[in-house]
Amino acid sequence: MGAVRRTAGTARRLLRGPRPEAVPLLVGRACALVGLLDVAAGVFPRFRHSRMHALAEVLPGALGPFAAALALSVGVLLLLLAHGLKRGKRRAWRAAVALLPAGAVAQFAYRHSVLGVVLSLALLAVLLRHRAQFAALPDPRSRWRALANFVLMGTGSLLLGLVVVNAHPRLLVGDPSLADRLTHVVYGLFGFEGPLDYRGDTSWTVAFSLGALGLLTAVTTLHLAFRPERPAARLTEDDEERLRALLARHGGRDSLGHFALRRDKAVVFSPSGKAAVTYRVVCGVMLASGDPIGDVEAWPGAIERFMDEARAHSWTPAVMGCSETGGHVWTRETGLDALELGDEAVVDVKDFSLAGRAMRNVRQMVKRIERAGYETRVRRVGDLGDAELDRIRRAADAWRGTDTERGFSMALGRVGDPADGDCLVATAHKADDDAGGGAGSPGGHGDLKAVLHFVPWGADGVSLDLMRRDRSADPGMNEMLIVAALQAAPALGITRVSLNFAMFRAALARGERIGAGPVLRAWRGLLIFLSRWFQIESLYKFNAKFRPRWEPRFVVYRAPGDLPRIGVAALQAEGFLDLSLPLPRAVRRRRPAPLPCVHRTPEHTPATADTAVRAA
């Protein structure tokens, strides 16, 4: 797969020349620079001395404070617009074109700087010259962004207001305390006169500047709160029906195919309708997972639609967990690069056996749990009654272990949906001595002690979705249920079972071998260190217990500089990183569809493999 990274894609990039997004990137940086200059011109009085001050004496007295407030406001807004300009957003371009002339006027009227005027007008000329490169459509939006804007802008205005208040120490009357200065800022943001006083017209300048910051916070928050919502795209009933039809014909190709039916994903279809790519947009990253769904011959059409959508919105395209075949097609059709991310553990049912020395630990653990009185049941979701399904759903939710659901690329996000009758459920049961195993037993789940949920992988396979267990149950529940599922598989027509995904498995395996070099050993040591927070080594060791074959999985990306951003977006999508503002429980909205379930992992706490399994 290493050759995939540097063949046709490299040639295409060389022929295309510089990336088209280079101009928006430079313009965005220039906008941030001009914004900083405008803020500095409006805040720091020493920044505005020039030979033009003699001409300013003939201007009206209120023009100076007004120009200072205008320069400060334009500077803050340009800083906010810089990111949108880097991404080529059309609305950011329009706003910058309107603000730059105002900033130039403020630079001349307050700071009297010809250079500041020239810089603003030069950036305006560049924006007008390259307006065709700022055509990206807006991102999905929600009114909850108004709350985030109020908190962030309010905090920024408060801090910048303190800078404004303290920028005139020689003109400040008396020696006010920090509390007085902070009170003056808060009063000024709301348009009231504070306890501080300055000599000359400086009081007006400070008051105008603080009032402008408060007005900016209010106006931007109201704009975000009352503009029409454009929610993130989700699967419609028609989309889901078309995807299920594609999976019925081609679902056996990729073990992650069924996870495309997550209802918090959007989808693009090829022109022929014979292939599709599902995705979610996180932090400006258009994140697909697994291989395209459908006929391989139609994959290029779906991939082209995916890339067109990314370009239209100026999103960063990325694919998590595609197979080697998928990586070849993605890199060939788009010029993107691919990097090996880890390996998927796949167990062939006909080759699985508990016999032999290699399986002794698993065999002994299963026998011990069975002697403790546990029994297992492996059934299709369609064969379960409504009451049983409800009990399993409630138990899985109660045993989740974290407030945030985890999973995206390898999780379905629901259990027991009527449309998912082909899914497989493995459950562990043990009668409670105190409650007799009834519904009123501790936890309210009766004799149910652990749950494994599998999704279909074509007609003859299943792929592990989630693993949950009662914390009070004996260790080894997950091993017992996986063994039970593998032993029941032949009767259910299942020949292959996909287990967990082990990130960087190859590096861990090669690094522990004799003769491994210092670089490989250092890389393995870093992965083991990171395993304190992320399940890296523990998942590898857990999967290895079942003697699987390893299928490599890849991440597809545009440029190395995009990898940190893609990594953050993937962590957010999988539920390991939450950058959203916490909302009070009373105002949290219920989502129309369940959030992703566990990321096919034994547990959310890293530690060792054994600890992970015990806590699952």
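The dialogue below goes through how some labels are assigned in this predicted model.

Student: Why is W523 called partly exposed?
Tutor: The relative accessible area of W523 is 33%. Buried means under 20% and exposed means over 50%, with partly exposed in between, so W523 at 33% is partly exposed.

Student: Where does W523 sit, and what makes the nonpolar surface patch?
Tutor: W523 lies in helix α17. The patch covers about 610 Å² and is made by W523, L526, F529, L530, W533, F534 and L571. Helix α17, residues 518-530, gives the largest share, four residues.

Student: Why is C31 called buried?
Tutor: C31 has a relative accessible area of 0%. The limit for buried is under 20%, therefore C31 is buried.

Student: And what about C423, buried or exposed?
Tutor: The relative accessibility of C423 is 0%, so C423 is buried.

Student: Which residues of helix α12 are buried?
Tutor: In α12, residues 324-334, they are G326, G327, V329, W330, T331 and T334. Just after α12, G335 has a positive phi of about 80°.

Student: How much of the protein chain counts as buried?
Tutor: Of its 616 residues, 50%. The chain has 20 helices and twelve strands.

Technical notes
Residues are numbered from 1 along each chain as its sequence is written. This is a predicted model: local features need pLDDT of at least 70, side-chain atom pairs count only at pLDDT 80 or more; totals for chains, interfaces and linings use all residues. Side-chain values use heavy atoms; hydrogens and water are left out. Patches are made of residues with over 30% relative accessible area and no salt bridge: like charges are joined within 9 Å, nonpolar side chains (Val, Leu, Ile, Met, Phe, Trp, Tyr) within 5 Å. Accessible areas come from the Shrake-Rupley method with a 1.4 Å probe; for residues, only the protein chains shown count as cover. A salt bridge is a side-chain nitrogen of Lys or Arg within 4 Å of a carboxyl oxygen of Asp or Glu. Helices (H or I, at least four residues) and strands (E, at least two) are DSSP runs, numbered from the N terminus. Buried means under 20% relative accessible area, exposed over 50%, partly exposed in between (1.4 Å probe, protein chains only).
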